[in-house]
Amino acid sequence: MKHEEANKDIGGKGAERQRGKRVGGNSKIQNVQSPAPNAQPVVPSTQSPVPNLDNWLEIGTIVSPQGLSGELRVYPVSDFPERFEVAGKRWLLRSGDTEPQPIELLTGRYISNKNLYVIKLAGVENCDQAEVLRGCKLMVSASDRPQLGEDEYHVLDLIGLEVFMQTSGELVGTVVDIIPAGNDLLEVKLHPSFDTDKQTTNDKKQKTVLIPFVEAIAPVVDLKFNRIEITPPPGLLEINN
């Protein structure tokens, strides 16, 4: 299952990701972020402005320098390796900035046992310059979405879909997030009218449930009509509560 999300909140659901329905037993997830700007000192601010990221997708976070030559370790939130391995323009969002700035990705490689990419950015030549970029977000334009295959979906397209029981048509709730796992999980906020007898608490706060995003449980995904139909096995929704 592949996914990409537009940025809503940096470091959270705003990460650009792609998710799709599992096909043939494997979940495919892909996240994308925009490029980073040239290395410059980050100026502290007592009141950080809110970034304007409506047109951007996050692909990863720079977590630390790698070695002494200016390479950077990046934790990906994109499943598309080309975001980190194919040279070209990317975008960097620094702490306190409202807009990401362009930067050139020179090289990149994946470290499988750490789930990290090591990248080289233009203008970052030593460990000190790399250290300044710790915590910066790599971004891509929201219009730069890789093509998805059959039964694959962008996270952005899944968030907000209403979830219905296929057999009864009962409204279960609304998708509020996609949780990456062996099989991706739909996080669904239950609608207040949904079978309250199943909810084992008297807490009036709306509950969320996690529903495996696999074809056997979510056989219908209709983006045109903003709905997902599910056939959960007995006890799944109650267990989540």
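The protein has 4 helices and 15 strands; helices (H or I, at least four residues) and strands (E, at least two) are DSSP runs, numbered from the N terminus. This is a predicted model, in which local features need pLDDT of at least 70 and side-chain atom pairs count only at pLDDT 80 or more, while totals for chains, interfaces and linings use all residues. Residues are numbered from 1 along each chain as its sequence is written, and side-chain values use heavy atoms, with hydrogens and water left out.

Begin with the whole chain. Of the 241 residues in the protein, 45% are buried; buried means under 20% relative accessible area, exposed over 50%, and partly exposed in between, with a 1.4 Å probe and protein chains only. Contact means heavy atoms within 4.5 Å. Among contacts between residues at least 6 apart in sequence, 64% join residues at least 24 apart.

**First stop: the barrel**

Select S3, S4, S7, S6, S5 and S8. In this order the strands form a closed barrel of 6 strands with antiparallel pairing; two strands pair if DSSP finds at least two bridges between them. The twist from one strand to the next averages 50 degrees, where axes are lines fitted to C-alpha atoms (for helices over the stretch in contact) and angles run from 0 to 180 degrees between N-to-C directions.

Next, display residues 56-66 (strand S3) and residues 71-76 (strand S4), which run antiparallel and are joined by 6 bridges. Ser64 has Arg73 in S4 as its bridge partner. The two strands S3 and S4 form a hairpin with 4 residues between them, and Gly67 in the turn has a positive phi of about 75 degrees.

From S4, move to S7: 3 bridges join these antiparallel strands. Val74 can be selected together with Tyr117, its bridge partner in S7. Strand S6 (residues 101-111) also runs antiparallel to S7, with 6 bridges between them. Here Gly108 has Ile119 of S7 as its bridge partner.

**Second stop: the cavity**

Rolling a probe the size of a water molecule over the atoms shows where empty space is left. A cavity is a set of points, on a 1 Å grid over the protein atoms alone, where a 1.4 Å probe fits but cannot get out. Grid points are joined across faces, edges and corners, and a volume is the space filled by probe spheres set on the points. By this rule there is 1 cavity of 30 Å³ or more, and the largest cavity holds about 30 Å³ of space.

Select Arg83, Phe84, Arg90, Leu105, Ile119, Leu121 and Leu138 to show the lining of the largest cavity; lining residues have an atom within 4 Å of a point. Helix H1 (82-85) and strand S7 (116-121) are the elements that give two or more residues to this lining.

Now select S13, S12, S11, S10, S15 and S14. This is the strand order of an open sheet of 6 strands with mixed pairing. Its edge strands are S13 and strand S14 (220-222), each of which pairs on one side only. Neighbouring strands of the sheet are turned by 35 degrees against each other on average, direction ignored.

At S14, look across to S15: the two run antiparallel and are joined by 3 bridges. Asp222 stands opposite Arg227 in S15.

**Fourth stop: the nonpolar cores**

A nonpolar core is a set of buried Ala, Val, Leu, Ile, Met, Phe, Trp, Tyr and Cys residues joined through side-chain atoms within 4.5 Å. The largest has 25 residues, and Val172, Val175, Leu186, Val188, Ile211, Ile228 and Ile230 have the most contacts inside it. At least two residues of this core come from each of several elements, among them helix H3 (155-158), strand S11 (171-179), strand S12 (185-190) and helix H4 (236-240). Apart from this core lies another, of 18 residues, including Ile59, Val74, Phe84 and Ala130.

Centre on Leu186. Not counting residues up to four places away in sequence, Leu186 touches Val175, Asp177, Ile178, Val209, Leu210, Ile211, Phe213 and Ile228.

Leu161 lies in the loop between H3 and S10 and is buried, with a relative accessible area of 2%. Leaving aside neighbours within four places in sequence, the contacts of Leu161 include Gly173, Val175, Val221, Leu223 and Ile228.

Finally, select Tyr153 in strand S9 (residues 152-154). Tyr153 is buried, with a relative accessible area of 11%. Tyr153 and Leu223 are 70 residues apart in sequence, and their C-alpha atoms are 9.5 Å apart in space.

Terms used: On a 1 Å grid over the protein atoms alone, a cavity is a set of points where a 1.4 Å probe fits but cannot get out, and a pocket is an open set with protein on both sides within 12 Å along at least five of seven lines; lining residues have an atom within 4 Å of a point.
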